[in-house]
Amino acid sequence: MPTVLIVNDQKLQRLGYRLLLDSEPGLSPVGEAADGAEAVRMATALRPDVVLMHILKPGTDSIGTVRRIVRGSPSSPRIVVVAPVRPEGDAWAALAAGADALLPDDTAPHELTAAIRAVAAGGAVLAPELTRRLIDTVRRRPSAVAALPAQRLGALTEREREVLTAVASGWSTIEIAEHLIIAPTTVKAHVSRILTKIGARSRVQAVAFAYESGLRAPHTTRSPLLSPGPSRPTPPRQSVHRRRSREGEKP
């Protein structure tokens, strides 16, 4: 059962998050923190699977808190950041600090709990509203800084670039495996090597890297993880034939 540490500077909101998590089967809130320093201490002491953190009020070092939890907690908890869409740099900064999910602060309860479960299972979530802001932030980055991801992109093999492009397009491991005609375990191995080579902690950071490096063109306002859109290529025909044969249909 994934355990969750709640970090929010508003007592009433912390209570709301706890009541929500208490009502959800399979999720267990284990503590609440009101500020960054308390969050870091509790993450170290309680070793939660997931830290649910709201971007705190102006003047607090919320992004620094994310970074300290990622680097300092022995259990390396996954981090779900709930952020207002308004601050321009928060989405990118949270990703760079190590967040595994970014959601707007008006996210529906069922979407929030689904994101927590996905992150606890090793996935990543990026909401459409924040994807647009992330793309805009990447476009405005100075060319000297933007050149760094392009250099790291050169370390990837052609197959690794194909896998990263598919990940940034919102494809699942199974879909990538079918499209490239390789085993799902091979896809996972490719993703693991990609994360190591580009210095990313999770798939959501890999998506940001794909946009920043120019591998994936920022032409859409939809989340590459939550809403891949109708433009996905159809898996190879032989895969479709195999599925139909298993179902007793003629190709």
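This is a predicted model: local features need pLDDT of at least 70, side-chain atom pairs count only at pLDDT 80 or more; totals for chains, interfaces and linings use all residues.
Which residues in α1 meet which residues in α5? I looked this pair up to begin with. Y17, L20 and L21 are the ones in α1, and they meet P109, L112, T113 and I116 in α5 (contact means heavy atoms within 4.5 Å; helices are DSSP runs of H or I, at least four residues, and strands are runs of E, at least two, numbered from the N terminus).

Residues are numbered from 1 along each chain as its sequence is written, and side-chain values use heavy atoms, with hydrogens and water left out.

Next, the geometry. I found α1 (residues 11-22) and α5 (residues 109-120) packing at about 70°, axes 11 Å apart (axes are lines fitted to C-alpha atoms over the stretch in contact, and angles run from 0 to 180 degrees between N-to-C directions).  That makes α1 roughly perpendicular to α5 (65 to 115 degrees).

Then I checked T113, in helix α5. T113 counts as buried because its relative accessibility is 3% (buried is under 20% relative accessible area, with a 1.4 Å probe and protein chains only). Leaving aside neighbours within four places in sequence, T113 touches L20, L21, E24 and L27.

Last, the cores. The largest nonpolar core has 25 residues, and V7, V51, V66, I79 and V81 have the most contacts inside it (a core is a set of buried Ala, Val, Leu, Ile, Met, Phe, Trp, Tyr and Cys residues joined through side-chain atoms within 4.5 Å). Helix α3 gives the most to this core, four residues.

Terms used:
Angles under 35 degrees count as roughly parallel, over 145 as roughly antiparallel, 65 to 115 as roughly perpendicular and the rest as oblique. Buried means under 20% relative accessible area, exposed over 50%, partly exposed in between (1.4 Å probe, protein chains only).
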